[in-house]
Structures are given as C-alpha cells and as structure tokens.
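My notes are below, in the order I looked things up.

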Amino acid sequence: MLENAWGWLIVAYLFLAGAGAGAFVAAVACDLLAPDWSKSLARAGSLASGPLVAVGTMCLVFDLEAGLWQPWRQLYLVSNLSSMISWGVIVLSLFIPVALLYAAALNDLTFVGRYAKKYVWHLEVAGSVLAVATAVYTGILIAVVNGVPFWNTPLMPVLFLASAVSTGLAVAMIGAAIIDITTIRTLSNFALGHVIFLAIEGVVLMLFIFMSLTRSVEAAVSANMMISGVLSPYFWLLVVVLGILVPFALSIVEYYEYGKMPKYLVVGADLLVLVGGMSLRGVIIFAASPPQIV
C-alpha cells in the first residue's frame, strides 16, 4: 500500500471511531425501538462502542506524536479551542466514558452498571449526540486540512457518517451473533438498515467522486488515482464490490428471506461491510498523496 504523511494510524482512527460511534447508535436504536427481541444486538453494540473509539483515539494521539514519550503534551490537544482537533478530542473524551457507562448499564456490569441503569435514558440521549458528533468529526478532521483539495468538501463528513452507521451496525450484528447465535434469525430485521445506509453511502460516494473530478485539478488527480490509477484495484474490489454491492445484495436477500439465509452469509455480509469501511478510509487518505510504488 502507499506511504503517506497521514498513514495507517489515521486510517485506523477514522475506521474505529466511526464504527464505535455507529455501534452506539445501533445499540440505542435497538434498545428503544425493539427492546423485546433485539437485546443481544443492543448489548453487543454497547459493549463494542466505547473500546473501539478508545483504541481509535489512541491511534490518533500516537499519530499526532503527542503523548507517546511526553504524556503531559496531551493537555495541549484541548488547550486551543480555535482548533478543530481540540474540539474533536473533547468530543471523544466525553463520548468514551458515556459509552462505557451505557455498556455497563445495559449489560448489568458490576455495581457501576446497576447504578447507571437508573440513568439509561440520559446516557442514550447524551451518548447519541456525542456518537453522531464523533462520526461526523472523523470526516471534518480531514475535510479541514489545508493543501488537500480532494478532502476539502462538505460531503466528507456526510460520507463518513453514512459509513459509520453501516460499519457500526455490522459490528453490533456480529457481536449479537457471538453473544447468542440463536438471535441470528432476528438479525434479518436489521438487514434493512444495511440496505438503507449502504445505498446512502454509495450515492454520497458517487457524488464525492463526481464533484472531485470537476472541482479542481488537484482533486481530479486524486479522484482519478482512486477510480483508474494505482488505487483503483483497492477502490473497485474492496470498497465498491465487496464493501457495498455484495453486502447490499445479501442484505436484501436476508431481509426478504427472514432467517432462512445461511448463518455464514449473514455474518459474512457484515464482515464485508467492515472491510469496505476500512478500505474506504484507506483509499481516501492515500489518494491525497502523489502516486508511489505499491
């Protein structure tokens, strides 16, 4: 893969933070809309969200080289409120404990969970706002970078938000299958979520590429690198075919067959969504660099 000043640590952060935020939203949606038959999915989403965002945040901190050898330098990350990075770190710092408390409450973990259970509704409201902010911030973080016209578009946060919901739902569905494999039949209800959000992601991705091709010379060079250059095999195979089209088709079948689709295909579709989400962020980050040898 290509080398870039924004490397794999940033790609990992963008993916993990988005998937964690999306898993939280999926957990809250399940707990509020279908608490009787989707407890496993809500539990799995809540358990995954906080740790995923925490690990992603560590990737971001290490990439910024703030805190690896001088931990006190992390204070500088929140000291400049005119910086988008400072606001992002604040949002992440608030979301992680809220997500961990929500997981403890939904899964009755220790006395903390039993106490936090009294405030589940408050945690769901505050956590949902912070989760959306976390997912949107992953797009804003690179959209505001000067000198990379390919990233400077308001579509970037929208694209990453749609992908975050898809990958978060995939994380929750895989986790639900691990917690209770018998719940796999009820997961068919949530396949419609994949259909909707993968469709939104696909449409926004097409708009993003089309606008990049027409917006500026620099953005067009990056877009061409994705669709016909050195990154095109990764983009078409991992992002478009395996990450969007195949799970989109499988989710339609899963929804209409309701529980009759083989379990390995149900889980396989979710795994492909995760592969596509990680690859999407990778090709967008690496497309901003000059072509190099793979």
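**Ground rules.** I am working from a predicted model, where local features need pLDDT of at least 70, side-chain atom pairs count only at pLDDT 80 or more, and totals for chains, interfaces and linings use all residues. Residues are numbered from 1 along each chain as its sequence is written, and side-chain values use heavy atoms, with hydrogens and water left out.

**Whole chain.** I looked up the elements and got 10 helices and 0 strands. Here helices are DSSP runs of H or I with at least four residues, strands are runs of E with at least two, and numbering starts from the N terminus. Of the 294 residues, 52% count as buried, meaning under 20% relative accessible area with a 1.4 Å probe, protein chains only. The accessible surface is about 13200 Å², and 73% of that belongs to carbon and sulfur atoms; the method is Shrake-Rupley with a 1.4 Å probe. I also checked contacts (heavy atoms within 4.5 Å). Among those between residues at least 6 apart in sequence, 77% join residues at least 24 apart.

**α1 against α2.** Helix α1 covers residues 8-33 and helix α2 residues 39-63; they pack at about 155°, axes 7 Å apart. That makes α1 roughly antiparallel to α2, the label for angles over 145 degrees. Axes are lines fitted to C-alpha atoms, for helices over the stretch in contact, and angles run from 0 to 180 degrees between N-to-C directions. By class, I find 21 nonpolar, 6 polar and 2 charged residues in the contact of α1 with α2. Ala, Val, Leu, Ile, Met, Phe, Trp, Tyr, Cys and Pro count as nonpolar, Asp, Glu, Lys and Arg as charged, and the others, Gly among them, as polar.

**α1 against α10.** Helix α10 is residues 263-286, and α1 packs on α10 at about 135° with axes 9 Å apart. I looked up who meets whom: the α1 side includes Trp 8 and Phe 15, and the α10 side includes Met 278, Arg 281 and Phe 286. This contact divides into 10 nonpolar, 2 polar and 1 charged.

**Gly 45.** Which element holds Gly 45? Gly 45 lies in helix α2. Is Gly 45 buried or exposed? Gly 45 is buried, at a relative accessible area of 0%. Leaving out residues up to four places away in sequence, Gly 45 touches Ala 23, Phe 24, Ala 27 and Ala 172. I also noted Gly 168, 123 residues from Gly 45 along the chain, with their C-alpha atoms separated by 7.5 Å.

Notes:
Angles under 35 degrees count as roughly parallel, over 145 as roughly antiparallel, 65 to 115 as roughly perpendicular and the rest as oblique. Buried means under 20% relative accessible area, exposed over 50%, partly exposed in between (1.4 Å probe, protein chains only).
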